[in-house]
Amino acid sequence: MLLTGAKGTLWLAFTSMVAALGQEPIISFDKAPGALQIAGGKISKGQIRVAKNEYWGVIRAAGDLALDFGRVTGMNYTLSNGERGASPAVYTYNPVDNMNNTHYSTTGIANFTGPAYSDPSPSDTVIIAGTIGHSEVIDSLIASKKLDVSAIKGKWESFTSQVIENPIQGCSSALVIAGSDPRGTIFGIYDVSEQIGVSPWYFWADVPTRQNKNIYALNKKKVQGPPSVKYRGFFLNDEQPALTNWVEEHWERTPYGAGYGPAFYGLIFEVLLRLRANYLWPTVWGTMFEVDDPGNQPFADAFEIVLGTSHTEPMMRAQNEFGHFYQGPWAYNLNNETIDDYFRYGVQRAKPYARNSLWTMGMRGTGDTAIEGLGVDHIVDMLTTLVHNQRQILAEGLGVSDVTTVPQAWCLYKEVMTYLFAGLEVPDDITLLWADDNWGHVRRLPLLNETTRAGGAGVYYHFDYVGDPRNYKWINTVQLSKTTEQMHMTYARGADRIWIVNVGDMKANEIPINHWFDLGYDMERWDVDSTEEWAKTWAAREFGSTYADEISDIMIKYAMYASRRKFELVEPQTYSVINYNEADAVLQQWAELRAHAQAVYDKLDEAYKPAFFEMILHPAIGGEVVHRIYAGGAKNLLYSGQKRNSANEVINQVLAASDEDWQLQERWDALLGGKWRHFMDQTHLGYDGYWQQPMRNTLPAMVYVQTHFVSLAGHVGIGVEGSNATVPGDDKYHANSGNNLSLPPMDPYGPATRYFDVFSRGTKDCTWQAAPWQPWVKLSQYNGTVGPKGSDTRVQVSIDWSKAPKVPLSSTVNINVTNSCGGGPMVQVPVQIHSVPSDFTKGFVESDGHVAITGAHYSVIIPPKEKSKLNDKVTYHTLSKYGRSGSGIGLVPLKTEKLTIETAPALEYDLYLFTNHTKANVTVLISPALNYLGEWTPLEYGISLYPAGASTPSEPKMVRPVGPTVGANMPEGWGYAVADSVWGTVGNYTTSTFSVPQEGAYKLRFWALMPGIVVQKIIVDMGGVRKSFFGPPESFMVGRDQVGRYNQTSFLAEVDTLGGLYEKQ
């Protein structure tokens, strides 16, 4: 295999058709019947033809395609407009005077030059591209009836492509791409680029191009209709420190700051178009897009990028412009004349580019905050007047008689949404841009009476955020399956006019960005269950088909592990180090993920390694290191509290992990000669409860144990699962002078093992022996040695149930633990031997005082009591590879209106409970949804727990887990819900209490009344649940599991867990 070129382009032979990600193929690397060869064979240097009267942005994209053929074949194609000696196409504009930003004026004439033209060579022409009504060549083909564009004419961003014979004089055949508008043509051009093997991420993620000598255009007509979502874009936000530092290093500063000029933005515009996107909110905090460089705004127009401004920047003006250039407060009630002038200038400046402008309306307070000093009623009145004036300024400034023809959006971000509920009336033609909660959960979607609005609706979403409960802006922490679920619900309810997503620095978010735009472009192609397929298809495009399955597996697992609690929110106490083997299970997942990513990296050809490192391996290593640091911090606090010598070794391990963290950043900075230096400058370690980023990476607090002298309690200590205590000796976790510690209970339906630790607290080596009082209590190790330089010993305790007593038994088995240095503490094992009756053939069994159930593992779906056309297709649907560990279940169709107990289907679960003297607290862990149909139609579910033999189910208890939104504040408990990625871990928002009058079989029924309720786990607490992140592992299920074979020691044993035991089996 030959590696050539600066980026190590690969020569590979492909034997199948190639498609742009998820799109209909029109290119093949093998000859097919009727196919036209467009590279190789007799073609030495192909030519691409555009028309003289074509849009500049289309010509520029055609120039990219000419270069892309060079990336693939080794020979750049030429571009011609049909004239000999033609000069490059020119986009001419009048630069705004950016030294005077209060009175509009320009400084002359400037232009952008398109790609160079070559003399026409019809015999070499293989592709013709043009826009209907703006391309003499395309219009001529339409007039001659060689090209039928009836399927796309007049439609938004559509194109058709097909091989046509004799399209121009001297050309026998060519692949003709015709667009309904300039972006339709551009998307058709880049469709070919992607299908011949050029990734949209060839620059931004260094994806190498696979080279091929022979390329064919299939003899078929492709029609690509309008995208699912009209405006699809991203918001470059929170750009400091990483993106700004990178820009500072690559481009000269502007008079106002870092060099955010056309050279930078041209790279952004291109990747947007290659991803079939069309819309941009530029950087905010340290920049002023239109002011920093007078070429920025016209350059966006030249590229055919629709320019907007963020939710806090109305009327096409950057946030920082007012403070830089205007006097008085940013308060419309106090300074409206100045602010109106500010708006007028924005309209004047943008007027030449109005065709590609989408206007942000409304107003917030200074610096992306709420308006202060006024009551809600006054704010509503003020905003009503403000938007009326803004629209008048728009109409006058743009010279239009009907302002409703001007695309406008009002972003209902944070507190602005509540103004709508307080009576704010938005003109019907303005798009209502609903916002998520900054954490990927839609706050509000169109109601039925809002779906006919002329302006429609859209969503402002987040892959990056600065704010409560904590920033997340280091690297990708987006779960693709959750994005799919949320955006399909958004689309189903008609929010399809604008999708804009905050991507922070953009770099490191390549995967979720690509996924987001593919969803927005074609929702029918990528349905709610498509995430895994999308990941495999994406991996094959970027890295080839050989390892696509492995890479997509890494992608899906990483997204789950990183999103369950974002890196900035991970703390020593996040995952329990004493209960359910939780922290060790999490560390095992990350270690295996890292090892898998490294193994794939090692197998890849050298050309692929930079891209794989940037998008796959770096996040896997970084995530594993972060979790090792914080789990180490937790273990240090546990061990130091138990006075273990090993507490100090854990400190060393954490310090070593810290070294790995900065070394990983140095490796990133050195990649490709420093191409991406600074993109990992973002701090991510050391958040201390405050939402804002730490100014420097710091480690969690740890405690050093002085080891020069032996512990007062002796050289050897014992600790047990589920407790911070240690014996012998005194501590606050057990009775003074106590010498025994008890393990959590063991029974045939519970975890296969429990453990106790033997460790050194002294200055010399000591041998130890452990002796159970019953032969059917087994240990993984019966003796050993611990000392100041040795490691601790973890002893696993198990029960040989085949030799245990056969009759019901509730007893405690002691284990004597003695050692050569003195002292003989006792570990106690509570053993409960019981069995379910033979007629209980399916369902979950109580153990350790609880039943834990994965939501998707229901027994049966109970049809609704009342059926009608409104609910005849409503049922439950399992979302796989979703949520915190594996799956979720919720109602479909996603556009279903709120149901009642009578009209909703129910999930039914079978349980067997042994405890008969207490109440059951039933907690439902649901994805952190919000009241997306408004506060008057809140999320709600019904739940009931009753004896299985009851003649009728008990009356369900109704639960509304999400409280009201007040102003800029989120509902009570929301911060914990988004931090833990479920409602239910903190507070009683999803907990209901039921009476358990007797031992026996029970039914648990759950009625979701809205699609937004996605159940991940149900926990029935009979008094035995201990503190943890995930809750207890899923309980033993009769009909699925076998006694003695279902592990249940951690959540890794659950059937649906990604990276768990079942997956490996």
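The model is predicted, so local features need pLDDT of at least 70 and side-chain atom pairs count only at pLDDT 80 or more, while totals for chains, interfaces and linings use all residues. Residues are numbered from 1 along each chain as its sequence is written, and side-chain values use heavy atoms, with hydrogens and water left out.

**Domains**

- The domain assignment, automatic or from a database, gives domain 1 (25–81 + 116–222), domain 2 (564–671), domain 3 (714–831) and domain 4 (842–1051).
- The C-alpha centres of domain 3 and domain 4 are 36 Å apart.

**Interface of domain 3 and domain 4**

- In contact (heavy atoms within 4.5 Å) are 11 residues of domain 3 and 13 residues of domain 4.
- The two domains bury about 950 Å² between them, 60% of it on carbon and sulfur atoms; buried area is the accessible area (1.4 Å probe) that two parts lose on being put together, summed over both.
- Of the area that domain 3 buries against domain 4, 49% comes from Tyr749, Pro751 and Ala752, more than from any other three residues.
- The rule finds 1 salt bridge across this interface, a salt bridge being a side-chain nitrogen of Lys or Arg within 4 Å of a carboxyl oxygen of Asp or Glu.
- Arg754 and Asp848 form a salt bridge, with their closest N and O atoms 3.2 Å apart.
- On the side of domain 3 that touches domain 4, the residues are 7 nonpolar, 2 polar and 2 charged (Ala, Val, Leu, Ile, Met, Phe, Trp, Tyr, Cys and Pro count as nonpolar, Asp, Glu, Lys and Arg as charged, and the others, Gly among them, as polar).

**Backbone geometry**

- Most residues other than glycine have a negative phi, and most peptide bonds are trans.
- Asp848 has a positive phi of about 55° and lies in the loop between strand E33 (843–845) and strand E34 (850–854), strands being DSSP runs of at least two residues (E), numbered from the N terminus.
- With 8% relative accessibility, Asp848 is buried, that is, under 20% relative accessible area (1.4 Å probe, protein chains only).
- Asn438 has a positive phi near 80°, is placed in the loop between strand E21 (431–435) and strand E22 (457–462), and is buried at 4% relative accessibility.
- The Val727 to Pro728 peptide bond is cis, with omega near -5°, and Pro728 sits in the loop between strand E24 (716–720) and strand E25 (740–742).

Notes. Helix = DSSP H or I, 4+ residues; strand = E, 2+ residues; numbered from the N terminus. Buried < 20%, exposed > 50% of the residue type's maximum accessible area, 1.4 Å probe, protein only.
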